[in-house]
Amino acid sequence: MNRLGEVIVSRERISNMVNEIAGMINADYAGKELMLVGVLKGAMIFLADLCRAVDIPVIIDFIIVSSYGVETKTSGVVLLRKDIDEDIKGKHVVIVEDIIDTGVTLNYLKDVFESRNPASFKICSAFDKPSRRVVELVPDYCGIKIPDEFVVGYGLDYAGMYRNLPDVRVLYND
């Protein structure tokens, strides 16, 4: 049975983080068109908040990958379930992810996207769990570092549930 634990990131802290990252993106891409690519399903809430906070023209697209299934630990195998619709050649692209854990998924996506010759490519993550990294990967826009706990809320899920929670909470599997 699963039990929700304490709030480790409040909705207020999340809101401040979104505005901070949006400010950096606005500065970095002033006068340029930007493509934000959300990694579904987890990044949908962060991407929605982020794109509303960014004040430059953006194209939004989505990609679906998975490495967790219904487990609380990654399988280590990345499956591309849906690719983006837009050609990114010559475009400024920021991939938007909910959390970086082991780094395996984003390392895979980085290789895929960079092989398509964008004008620039950066990684943005709402949350970061650097203690779990198995590949060297540092996001260009990093939100909030969190401890090595299984967490849910603000897009983060367990077997598809809890994405709708407005804060990030620990999930205990009793």
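Biologist: What makes the six strands an open sheet, and in which order do they come?

Modeller: The order is β4-β3-β2-β5-β6-β7, with mixed pairing. Strands here are DSSP runs of E with at least two residues, helices are runs of H or I with at least four, and both are numbered from the N terminus. Two strands count as paired if DSSP finds at least two bridges between them. β4 (79-82) and β7 (141-145) each have a single partner strand, so one side of each has no neighbour in the sheet. From one strand to the next, the twist averages 25 degrees. Keep in mind that this is a predicted model, where local features need pLDDT of at least 70, side-chain atom pairs count only at pLDDT 80 or more, and totals for chains, interfaces and linings use all residues. Residues are numbered from 1 along each chain as its sequence is written, and side-chain values use heavy atoms, leaving out hydrogens and water.

Biologist: How do you know that β2 and β5 pair?

Modeller: Five bridges join β2 (residues 34-40) to β5 (residues 92-100), and the cut-off is at least two, so they pair. The two strands run parallel, and M35 stands opposite V93 in β5.

Biologist: Why is V96 called buried?

Modeller: Buried means under 20% relative accessible area, exposed means over 50%, and partly exposed lies in between (1.4 Å probe, protein chains only). V96 has 0%, so it is buried. V96 is in strand β5 and touches, among others, L36, F46 and C124, not counting residues up to four places away in sequence. Contact means heavy atoms within 4.5 Å.

Biologist: What makes F127 and Y154 an edge-to-face pair?

Modeller: Rings of Phe, Tyr and Trp (its six-membered ring) pair if their centres lie within 6.5 Å; planes under 30 degrees apart are stacked, over 60 edge-to-face, and the rest tilted. The centres of F127 and Y154 are 6.2 Å apart with planes at 90 degrees, so the pair is edge-to-face. F127 is in strand β6 and Y154 in the loop between β8 (151-152) and β9 (168-173), 27 residues apart. Both F127 and Y154 are buried.

Technical notes. Axes fitted to C-alpha atoms, helices over the stretch in contact; angles between N-to-C directions.
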